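Colleague: Before I look at the model, could you show me how to read its aromatic rings and its chain-to-chain contacts?

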Amino acid sequence: MKTMRLGVVLAGTLLLGACSGKPAGKAAAAPAPPPKPMSYELRLGRATFQHYCQTCHGETGAGDGFNAFNLDPKPRDLSDPAFQKKKTDADLADAIQRGGAGVGLSAMMPPWGRTLSKEQVEQVVLYLRSLPKH
Amino acid sequence: MPIRRLFALTSVAFLVVLAISPAKNALRSYRAYQRRFAVLAASRARSAQQARDFEKRPVAIHQIWLPQLDNRVDRCTTCHLGVADAVMKGAPPPFAAHPWTPHTPVRIDRYGCTSCHAGEGPATTESQAHGTAKDAGPPLLPVAYIEAGCGRCHSTATVPAAPLLSRGRAVMDRYGCFACHGARGREAYRSGAPPLSSEPVKTGAVWLRRWLTKPRDVDPNSTMPNFQLGEREIEELANYVLGQDVPEDLARAVRAAGDEPAGDAANGKKLFSESRCISCHTVEGKGQGSAPELSKVASAATRGWLLAYVRDPHAFNPLTPMPQYHFSEADSRDVVAYMEDEFRDFDAPKDILEPLRVNRTLAEAGEKTFRKYGCFSCHGSPGGRTAEKFGPDLDGIGDKKAAFLDFGRRTDLPRTLTAWLAAKVDSPRSFAKGLKMPAYGFNPEETQAVVTALLAFGSQPVPESYRVLPTASPIAIPAGRVGHLVDRYRCLSCHQIGDRGGDISTAPLTFEGSKVQRSWLVDYLVLSYSIRPILTERMPIFHMPREEATELADAIETLFVDPRVPEDPFQGRPASDVDPAEGERLYTALGCRSCHILGSAGGYYGPPLTDSGTRLRPGWTFAWLKGPQRWRADVRCPDYGLTDRDALRLTAYLATLHQPPAAAKGGK
């Protein structure tokens with residue numbers, strides 16, 4: 001057993017020596033990476049946002065989704081930097097889970113705590129933070 | 001003397017050689033990682049005890065052994081030490097906690113690492129494990145394609161928590177990849193491309209040449225790829241396709257329709273609108289877009305063909321999702337008259353639909369060209385579809401070694417499978433001359449999605465206990481007359497029943513019998529109106545005769561029901577006795593009107609509830625309110641967690657709302 005291992009090690013050292021003359025690898029000039037790699041969690045957050053939130057809050061979170069047309073009060077502009085700064089992640093998650101009525105705002109924003117998992121809510125918050133601010 | 005010296009030398013050499021192995025192990029980078037981890041984790045620990053535990057961990061190789069999953073051994077946790085520790089959230093690599101996925105960090109013992117991430121599990125050096133070393137095993141899956149890992153076990157079309165993979169699978173389905181390429185589980189795939197047998201009486205050579213040059217320029221909704229054909233090949237194909245014998249019944253129908261007098265375009269316009277053609281087609285880009293753009297259709301097809309097709313699309317293409325409307329002879333003439341008036345390419349040459357004087361030599365060459373590019377895979381051929389697939393099988397493509405791939409002219413690409421696949425999907429012919437796969441013109445995100453779906457095709461199926469297969473629905477669609485009606489009106493093109501059907505409609509029919517009242521359903525089938533006026537995709541008016549509507553409604557009421565829906569939640573009392581006033585208060589307090597219209601106020605997303613007392617069965621309303629996601633997993637109506645008492649009051653309120661459908665009609 002030991003001799004075998006020894007042999008392997010020996011062979012390995014020899015091989016290492018032999019291989020050290022590195023061939024000049026063809027460096028790729030223009031790789032074709034996929035578009036802007038979004039992290040997996042962010043992608044999930046986006047998917048959840050697009051499915052549940054976008055109808056009112058709009059594609060960019062500006063509060064201009066198609067369902068917002070006839071609503072009063074209008075949905076919150078989630079991309080507003082002042083709003084984003086004011087709210088902590090926990091605040092946002094809380095508002096999503098308990099809804100407008102739960103945090104002392106309009107009941108028009110429904111509570112999602114029973115529909116979305118805790119992780120889904122966290123992912124949506126992550127995505128909200130990545131919305132382009134304007 | 002020399003013997004002794006030799007002995008001394010060999011002894012020293014022997015000692016040195018013996019020392020190599022332990023020295024190498026002592027210098028392995030994972031040891032340094034583990035020492036760094038102990039310090040870092042201790043500083044993040046939530047208690048002194050936890051900190052001590054981190055510090056006391058011996059330096060050793062960690063592994064996850066998965067005897068059930070091909071006997072995998074994953075030693076990734078030897079360096080990625082914080083994957084399952086909540087305190088390591090946001091720590092620098094390689095110590096960070098694993099982001100949440102449906103399987104991690106909780107079930108890391110069942111799934112390991114390489115089952116999703118690929119890479120070489122047993123390796124203990126970074127370059128070997130990640131597959132970056134020259135002689136390494138499979139490389140890690142780049143994070144952009146990570147959802148491919150989900151697809152190894154999940155073979156359903158839509159995979160929860162894998163939006164990109166699901167999209168990739170949908171794109172592959174829509175663009176007919178499996179018509180040419182075989183794959184496990186996709187043996188029954190049939191392309192929805194039309195048979196070409198009626199082409200000679202449908203269109204002319206000028207149009208067909210344009211189409212073959214670049215299908216998407218003619219119709220942006222087309223799923224036909226660009227075959228990058230030469231002028232000669234186009235001419236051959238045009239002669240072959242337009243030189244075929246049209247089946248006698250189709251030829252006769254088109255000829256007879258072409259001889260009919262012109263219809264009334266004004267009435268046609270009204271019919272076109274109420275038939276909701278844009279639930280599938282588009283007109284100048286407006287519409288759902290799974291079916292052809294219609295704004296220039298009268299310059300693509302002859303009047304006779306259009307008329308015969310509108311009357312019986314299934315005779316021309318048995319697999320088309322288009323329903324057969326119940327138009328009268330005159331009605332269909334009117335619809336086509338409207339299309340002839342409005343849907344024209346006014347810049348097209350006059351002879352765009354002129355028949356071709358077929359050149360037999362070219363036509364014969366065209367047949368070869370037709371076979372050469374595998375056109376029959378989607379369109380079938382006069383001899384029927386061939387069983388054998390035109391392109392290579394896709395099974396195992398996700399496990400291909402980069403060294404076995406032919407990069408050909410693409411010296412610009414990194415030598416990786418993902419780069420090769422992305423380039424192949426993006427511009428298939430760029431690798432070498434003479435390749436046949438056509439260009440699909442996907443945008444970068446579609447390409448990423450398709451590559452993700454491709455990487456999910458492993459060479460071996462995963463063990464059975466890990467497989468998640470599509471669930472076979474126990475709901476059968478009846479044969480006989482009702483089955484014929486479901487087929488004729490192509491209910492399944494838009495609606496889902498069990499696990500079958502399309503996703504154009506938001507209303508699955510699986511529990512429709514438990515959901516709506518029969519009398520409402522009959523009226524609705526005869527004269528449907530828009531339940532969700534904001535949507536582009538709405539239920540067409542089929543001009544369905546009342547007997548057919550009654551038959552369908554009876555079948556739906558008998559078959560598409562669910563025992564979880566109570567027959568009478570009020571238990572014999574009238575709704576007015578169950579405190580509908582409190583229900584009304586709840587309706588306001590819960591903010592239902594943010595999605596539902598009642599009278600004139602409310603949002604657009606949900607169905608209006610103005611006539612909910614006429615439309616819905618109270619049992620359904622109650623069951624729905626107790627947990628909408630039980631009935632449709634992805635429905636946006638949130639679960640409010642109502643008590644039975646509150647749900648019943650809200651049900652009672654909604655059951656008292658009546659309005660005859662005729663008055664609710666309007667958003668057409």
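Modeller: We take the ground rules first, then the rings, then the interface.

Modeller: This is a predicted model, in which local features need pLDDT of at least 70 and side-chain atom pairs count only at pLDDT 80 or more, while totals for chains, interfaces and linings use all residues. Residues are numbered from 1 along each chain as its sequence is written, chains are lettered from A and ligands numbered from 1 in the order in which they are written, and side-chain values use heavy atoms, with hydrogens and water left out.

Colleague: By what is a pair of aromatic rings described?

Modeller: A pair of aromatic rings is described by the distance of the centres and the angle of the planes. Rings of Phe, Tyr and Trp (its six-membered ring) pair if their centres lie within 6.5 Å, and planes under 30 degrees apart count as stacked, over 60 as edge-to-face and the rest as tilted. Phe49(A) and Tyr127(A) form a tilted pair, with 5.4 Å centre to centre and 50° between the planes.

Colleague: Are Phe49(A) and Tyr127(A) buried or exposed?

Modeller: Buried means under 20% relative accessible area, exposed over 50%, and partly exposed in between (1.4 Å probe, protein chains only). Phe49(A) counts as buried at 0% relative accessibility, and Tyr127(A) counts as buried at 9%.

Colleague: How many salt bridges are there between chain B and chain A?

Modeller: A salt bridge is a side-chain nitrogen of Lys or Arg within 4 Å of a carboxyl oxygen of Asp or Glu. The count between chain B and chain A is three; one salt bridge joins Arg46(A) to Glu445(B), with the closest N and O atoms 3.3 Å apart.
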